[in-house]
Amino acid sequence: MVLMATMVFALTLQVFMRFVLSSSLAWTEELSRYSFIWTVYMGGVLAVKHSQHVRITAQFLIFPPKVRVVVIMFTDLLWIAANFFIAYQSGLALQNAFEFPEVSPTLGIVKGYVEAMLPACFLLMNVRLVMKYWELIRNRDLMSLAKIGGGDA
């Protein structure tokens, strides 16, 4: 919410400056852009926490519930592997971003700090996925994965 509020504040300030004072602030565009990028990726982490991420599930309906659970768990393992791969690759790029820093033109910050959200968010998605499975196993509720679209399997 802080990131979203920052973005809205920066854009509102820019609109006020341009249309009321006939001036502009260069840093508001950059701050709003960086806030937006962070908001999108943190929103992805939040979607995983609440199991509201985009997932095509119609193909799972052809399987009986127990097979459906196994297939969903397998696809989640693939997702975790992909998240680790993206985090690793973006971490490598991040090393270059700090080794050869590029400073943003108006805010004067190293862009590597903005780009650090990539490995952080993909690793946080994995943490949320593991937490979800930990809860399901602890509550002996893995079969709830077979429920697709809110219906009972």
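Glu135 is partly exposed, its relative accessible area being 33%. In this predicted model, Glu135 is joined by a salt bridge to Arg138, with 3.1 Å between the closest N and O atoms. Arg138, at 52% relative accessibility, counts as exposed. Both residues belong to helix H5, where a spacing of 3 residues separates Arg138 and Glu135 by about one helical turn. An α-helix has 3.6 residues a turn, so residues three or four places apart point the same way.

H5 spans residues 117-138. Its 22 residues reach 31 Å from the first C-alpha to the last, close to the 32 Å expected at 1.5 Å a residue. Just after H5, Arg140 takes a positive phi of about 50°. Several residues of H5 are buried, among them Met117, Pro119, Cys121, Phe122, Met125 and Asn126. Leu129, Lys132, Tyr133 and Leu136 of H5 are buried too. The cover over these buried residues includes H2, H3 and helix H4 (111-115).

One of these neighbours, helix H2 (residues 26-49), packs against H5 at an angle of about 10°, with the two axes 8 Å apart. That angle makes H2 roughly parallel to H5. On the H2 side, the contact is formed by Ile37, Trp38, Tyr41, Met42, Gly44, Val45, Val48 and Lys49. Facing them in H5 are Met117, Leu118, Cys121, Phe122, Leu124, Met125, Arg128 and Leu129. Sorted by class, the residues of this contact are 13 nonpolar, 1 polar and 2 charged.

Another links Lys132 to Asp76, with the closest N and O atoms 3.5 Å apart. Lys132 lies in helix H5 and Asp76 in helix H3 (residues 65-99), so the pair ties together parts that are 56 residues apart in sequence. Both Lys132 and Asp76 are buried.

A further salt bridge brings together the side chains of Glu102 and Lys111, at 3.2 Å from N to O. Glu102 is partly exposed, with a relative accessible area of 48%. Lys111 counts as partly exposed as well, at 21% relative accessibility.

Terms used: Residues are numbered from 1 along each chain as its sequence is written. This is a predicted model: local features need pLDDT of at least 70, side-chain atom pairs count only at pLDDT 80 or more; totals for chains, interfaces and linings use all residues. Side-chain values use heavy atoms; hydrogens and water are left out. Axes are lines fitted to C-alpha atoms, for helices over the stretch in contact, and angles run from 0 to 180 degrees between N-to-C directions. Helices (H or I, at least four residues) and strands (E, at least two) are DSSP runs, numbered from the N terminus. Angles under 35 degrees count as roughly parallel, over 145 as roughly antiparallel, 65 to 115 as roughly perpendicular and the rest as oblique. Contact means heavy atoms within 4.5 Å. Ala, Val, Leu, Ile, Met, Phe, Trp, Tyr, Cys and Pro count as nonpolar, Asp, Glu, Lys and Arg as charged, and the others, Gly among them, as polar. A salt bridge is a side-chain nitrogen of Lys or Arg within 4 Å of a carboxyl oxygen of Asp or Glu. Buried means under 20% relative accessible area, exposed over 50%, partly exposed in between (1.4 Å probe, protein chains only). The expected span of a helix is 1.5 Å times one less than its number of residues.
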